[in-house]
Each structure stands twice: as C-alpha cells, then as structure tokens.
Amino acid sequence: MKRVCILGLGYIGLPTAILVAQSGYQVIGVDTDEDIVTMLNNGISHLQEAGIDILLKEVHDSGNLYARKEPEEADAYIIAVPTPFDKDEKQADLRCVISAMHMISPFLRDHAIVIVESTIPPGASERVLVPLLETTGLTSGKDFDLVYCPERGMPSNLVNEMVYNERIIGAPNERSANAASKLYSSFVKGAIHITTVRTAEMCKVIENVYRDVNIALANELALIAEDVQIDIWEAIELANKHPRVNILRPGPGVGGHCIAVDPWFLCTGSTPSDLVRAARRINDTMPNHVIAMVKQVVNVDPPNITVFGIAYKGNVDDYRQSPSLRIIELAEDQGWGVKVYDPVVKKTREYPLLELEEAVRDSDCIIIATDHDKFSTINPVSISPLMRQKNVIDTRNILDKERWQKAGFTHRLLGRGTNLG
Ligand code: SAJ
C-alpha cells in the first residue's frame, strides 16, 4: 500500500493525514473547504494543536502530503468527516459520510479499503454504508472492504493521543483487518485490537457513554450536596481515596462533539437505555442550574452576566456543544445582558468575544464556565472596581475562593452548600 486518501481535514483527519504521511505514505488530504485546502498546500495548519505546525511543515516539504477538493485513486481511504448531531431528532446526521462515500466510489477497485473513523451509530456501516457503495455497482469483499476504526483523541493533545492510544479496528475479513492494521501500526505506538465492524462501532459509543454517565453522577451528587450543605468537591476527593472509586468532576454540563452526542445512539432502537437517557438529561440541564445559582446571588432584574469561557473544556479553542452556549441562550431568553470572555478561543460565529475589562464592566455576576488555566490567575482586585455587583460563580472549582472574597466578591461554588460560607 502506497497511497492513502483522507477525507475531512478537521480535528481528526488532519493530524491523521500528517502522521500517515510522516510514516512514508503518499497522502492526499481532501476537504470541501477551499481555504483549508489552500492553507495546507502552503504548509499552514488551520488548527491550533500541540506539535502540528512542525509536523505539517515536514510532510509538506517532503511532498508526502498535499490537499485537494476531490479524492484521487488510492489503496486506502480514511473517512474523517463530521457526523453532526440533529438536536431535535436526537440522531446522527450521516450526510457528510454518505457524500464522502459517493465521492470515493468511482475510484474503488481491487480490495481498496475504506476506513470510517467518523462516529456513527452501531450497525450503520453494514446497514447504511456498505449498501450505499453497492448501489454504485461495487461489490463488498471484491472491489472494497469497509473497515470501522473509531478515532480516539482529545482536542489539545491530538497528535500525542493518536500515536500513543490503543486503537480498535473493526474489519469484515482477515485481509482488510491486516491491511488496516499495517496502515495504523505505521504511526500508532499503542496496541491495535482487531474485532468485528459492529463491535468497533459499539466500543466508540460506550467509551463516551461511560464518561457521560459518570459525569452525570458527579453532577447529580453536586446538586444533592448543595441541598444537604456539604462540599461535593471535598467529598469526591475523599471518596476517590478508595482504590476502586474514581468519581469524575461536576461542572456546568457536558460539551464537545462526542460525549454530549454519542450516548443518544443508545437511547433509541429496540432496547433504549433508561440510564443513558437519564444521564443525558442531568448533564443537559446543568446550565439551568447555573442560571438558578445566578438568580440566588444577584439582586437586580435583569442582571448583566459575564460568561468566562465559551470553550467546552479547559485550554481548548473548540466550543462545539459547549454548555456555555446553553447558559448564554437561557440568560438571553430572560432578557439578561450577556458578555463573553474567552482568552483561548479566537472568535465565534455566534458571540463577540471581549477583552477582560470590557467583558466585566457593569457586570453583576461572573460565571466561570470553562476550566481554562488562565482564569485561575486573574487578579480579582483589578476587575472588582469595574463590576456593578461583585458576584462570581465557579462551576469548575478553579478559583481561589479566599482571594476573590478578599477582593469583595460573593463567591459561589457549584456543588457546595451556601451555608458553608
Ligand atoms: N467534563 C466534566 N467533568 C469531568 C470530565 C469532563 O464535566 O470530570 C466535561 C468537560 O468539561 C467537557 C465534556 O465533559 O465539557 C467532555 O470532555 P472530555 O475531556 O471528557 O472528553 P472529549 O469530548 O474532549 O473527548 C472524548 C474522549 N473520550 C473519552 O474520554 C471516553 C476522547 O478520547 C474521544 O476521542 C472523544 O471524546 C471523541 O471524539 O469521542
């Protein structure tokens, strides 16, 4: 195998394309966004990720990676296009994956391997994707083999995780399992495990379900703690001293492109999961709780609030499905003034991002919604005079409470009873 064509040059596709090119394959990166294609052909990354600029320069200079808007003939195709989530239907929108299948179908012949990394509901490869390719006159097991290899990587540490994480390859037969395994082992240092296509699809979903359900547990415990006047952060820390307990951290909800989305795949079908649905509801309603916390501290109606952090988690510039978006939406629905400060995200389509001083001017309450390291070093003394009322709600437990109290702020921590001071 010499040529690999990778469709979708986003958070997953671009680092994958670079790593495959670095290990000696000729890689054709395909994206429908002309700007991305142009940037990559000039050796410039459109993503901010640790280590990516240097690696991209290397594979660009060597000629091992170039970008195009359309696929070219290759021995393997990796599909890393988005599967957006249809919020109303609670279903994956497979249109991009389907369109990628149509784009590659004219080139498939002689056991070409089609590797899907995009997250899809369990069963979708065999139920939707293989039949789709076969309607173009191709035969599975002869012209192509469809392999499912779920991505495993966290934004901000993608390159590292793609190299060192263990990977699962779901393949329909030995030949494609070996071919995919050979391709991935050229850049993956973690173990590679072979299984069926359907099991691999299920693994992807349950990895994220595991986290979603456990975060929901932490969030529900936080609500109980506020009611019974304890500090859940202290209780979790102590409970986690048990060798077999590892409770996750409460927060304003769950964001990102996967954990807030994939669990829904198990909520429909013939055996819908009550537990997963309950976890989704708990995590999805945490922004409502944050709004209720604001109402408890401000004494002006409507208040002005400042949301610190639009990113879905700390130190990343990705704000897809971020709970901050829901907090802003709920506040605006009630006629509140909302300003947003995020020193890590460059810009958003939806909201202007302000400088710190502008964001807190005349504000009645700061909400720490994202655990960016930069927030814990903000000096409350310098912003305190700019605020109309001095309230801060820390949903991530990253502030030094005493420091903020000394600067005149009423400090509230999600998951901590208000009687505790
Ligand atoms: N969060 C909490 N409390 C916690 C941990 C996380 O509230 O204790 C929140 C975060 O703030 C964020 C959300 O959950 O809003 C998700 O963050 P995350 O760091 O748990 O996960 P992601 O979405 O960045 O990446 C996950 C990873 N999956 C797992 O850890 C099982 C990653 O390996 C996957 O590749 C990725 O989803 C994906 O694409 O599926």
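In this tour, a residue is called buried when its relative accessible area is under 20%, exposed when it is over 50%, and partly exposed in between, with a 1.4 Å probe and protein chains only. The structure on screen is a predicted model, in which local features need pLDDT of at least 70, side-chain atom pairs count only at pLDDT 80 or more, and totals for chains, interfaces and linings use all residues. Residues are numbered from 1 along each chain as its sequence is written, and side-chain values use heavy atoms, with hydrogens and water left out.

**First stop: aromatic pairs**

Select W404 and F409; both are buried. Rings of Phe, Tyr and Trp (its six-membered ring) pair if their centres lie within 6.5 Å, and planes under 30 degrees apart count as stacked, over 60 as edge-to-face and the rest as tilted. A search of the whole structure with this criterion finds 5 aromatic pairs. Next, select F308 and Y341, whose ring centres are 5.2 Å apart with planes at 65 degrees, so the pair is edge-to-face. F308 belongs to strand β11 (residues 304-308) and Y341 to strand β12 (residues 337-341), so the contact ties together parts that are 33 residues apart in sequence. Helices (H or I, at least four residues) and strands (E, at least two) are DSSP runs, numbered from the N terminus. F308 is buried at a relative accessible area of 0%, and Y341 also counts as buried, at 13%. Returning to W404 and F409, their ring centres are 4.8 Å apart and their planes lie at 65 degrees, so this pair too is edge-to-face.

**Second stop: strand β2 and its partners**

Select residues 26-30, which make up strand β2; 4 of its 5 residues are buried, so the strand is largely enclosed by the rest of the structure. Two strands pair if DSSP finds at least two bridges between them. Strand β1 (residues 3-7) pairs with β2 in the parallel sense over 5 bridges, and V4 has V27 of β2 as its bridge partner. Strand β3 (residues 65-68) pairs with β2, also in the parallel sense, over 4 bridges; here the bridge partner of V27 is L65. Now show helix α1 (residues 13-22), which together with β1 and β2 makes a right-handed β-α-β unit.

On a 1 Å grid over the protein atoms alone, a cavity is a set of points where a 1.4 Å probe fits but cannot get out, whereas a pocket is an open set with protein on both sides within 12 Å along at least five of seven lines; lining residues have an atom within 4 Å of a point. Grid points are joined across faces, edges and corners, and a volume is the space filled by probe spheres set on the points.

The structure holds 2 cavities of 30 Å³ or more. For the largest, of about 60 Å³, select H411, R412, L413, R416, G417, T418 and G421. The second largest cavity, of about 30 Å³, is lined by T83, A92, T119, H257, V261, D262 and F265.

Key
Right-handed = clockwise from strand over helix to strand, strands pointing away.
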